[in-house]
Amino acid sequence: MNIGEAAQFSGVSAKMIRYYEQIGLIPKALRSEAGYRHYSPQDAHSLRFIRRARDLGFSVEQIADLLVLWRDRTRASADVKAMALAHVAGLRARIDELQAMAGTLEHLAEHCHGNDRPDCPIIADLAEPAADAMPAATPTARGAPLFGVDAPVPSRRRGARKSP
């Protein structure tokens, strides 16, 4: 089958198929005399496998490991299960991070008046350094104005015209 047919069968775009070939996730396709790529049914099934793994959030590196396990008929299913559970743990950690971000933004938005005044707790929070990003003793940190405090900012009110 050609690249378009392989893409349709697998649900992976032709561009991604070429990328997966380039990085070695799938073997280089055989070429016709005219130079067109030709994929075997096994190649198409591998692409479908890759698509499903990507849909589940596995990284390219993890997918490469999963492909090795898939092709190894002597593998222990415990190896696959361990990979899946490790991935679940990573997903749950990411979910926790995203929920914390959403909670912080909701809290900041609740305390923002959302009016025409420039005072905004969202901007103030973004301007503060993260607690773990600043060294404990930074000589210039005390007394120095925060970025943007002294600089005039053009109005961004709705309907305001931008100067050319």
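This is a predicted model: local features need pLDDT of at least 70, side-chain atom pairs count only at pLDDT 80 or more; totals for chains, interfaces and linings use all residues.
The protein chain contains six helices and two strands. Read from the N terminus, its elements follow the order α-α-β-β-α-α-α-α. Of the 164 residues in the protein chain, 16% are buried. Among contacts in the protein chain with a separation of 6 or more, 44% are between residues 24 or more positions apart.

The axes of H1 and H3 lie 8 Å apart, and the two helices pack at an angle of about 45 degrees. H1 and H3 are therefore oblique to each other, and their crossing is right-handed. On the H1 side the contact involves Ala 6, Phe 9 and Ser 10, which meet Ala 44, His 45, Leu 47, Arg 48 and Arg 51 of H3. By class, the residues in this contact of H1 with H3 are four nonpolar, two polar and two charged.

Helix H3 also packs with H4, at an angle of about 130 degrees and with the axes 10 Å apart. That angle makes H3 oblique to H4. The crossing of H3 and H4 is right-handed. H3 contributes Gln 42, His 45, Ser 46, Phe 49, Ile 50, Ala 53 and Arg 54, while H4 contributes Val 60, Ile 63, Leu 66, Leu 67, Trp 70 and Arg 71. This contact of H3 with H4 comprises eight nonpolar, three polar and two charged residues. His 45 takes part in the contact of H3 with H1 and also in that of H3 with H4.

The next pair is H4 and H5, whose axes are 10 Å apart and which pack at an angle of about 160 degrees. Angles over 145 degrees count as roughly antiparallel, and H4 and H5 are therefore roughly antiparallel to each other. The crossing of H4 and H5 is left-handed. Gln 62, Asp 65, Leu 66 and Leu 69 of H4 make the contact with Asp 79, Val 80, Met 83 and His 87 of H5. These residues of the contact of H4 with H5 divide into four nonpolar, two polar and two charged.

Arg 75 is partly exposed, with a relative accessible area of 31%. The side chain of Arg 75 reaches the backbone oxygen of Leu 69 at 2.9 Å. Apart from neighbours within four places in sequence, Arg 75 is in contact with Leu 69, Trp 70 and Val 80.

A charged residue in another part of the chain is Glu 21, which lies in helix H2 (residues 14-22). Is Glu 21 buried or exposed? Its relative accessibility is 5%, and Glu 21 therefore counts as buried. The side chains of Glu 21 and Arg 37 are joined by a polar contact of 3.3 Å. Beyond its neighbours within four places in sequence, Glu 21 is in contact with Ile 26, Pro 27, Lys 28, Ala 29, Arg 37 and Tyr 39.

Notes
Residues are numbered from 1 along each chain as its sequence is written. Side-chain values use heavy atoms; hydrogens and water are left out. Axes are lines fitted to C-alpha atoms, for helices over the stretch in contact, and angles run from 0 to 180 degrees between N-to-C directions. Helices (H or I, at least four residues) and strands (E, at least two) are DSSP runs, numbered from the N terminus. Angles under 35 degrees count as roughly parallel, over 145 as roughly antiparallel, 65 to 115 as roughly perpendicular and the rest as oblique. A crossing is left-handed if the near helix is turned anticlockwise from the far one by less than a right angle, and right-handed if clockwise. Contact means heavy atoms within 4.5 Å. Buried means under 20% relative accessible area, exposed over 50%, partly exposed in between (1.4 Å probe, protein chains only). A polar contact is a pair of N or O atoms within 3.5 Å; within protein, one must be able to donate a hydrogen and the other to accept it, and residues adjacent in sequence count only if both atoms are side-chain atoms.
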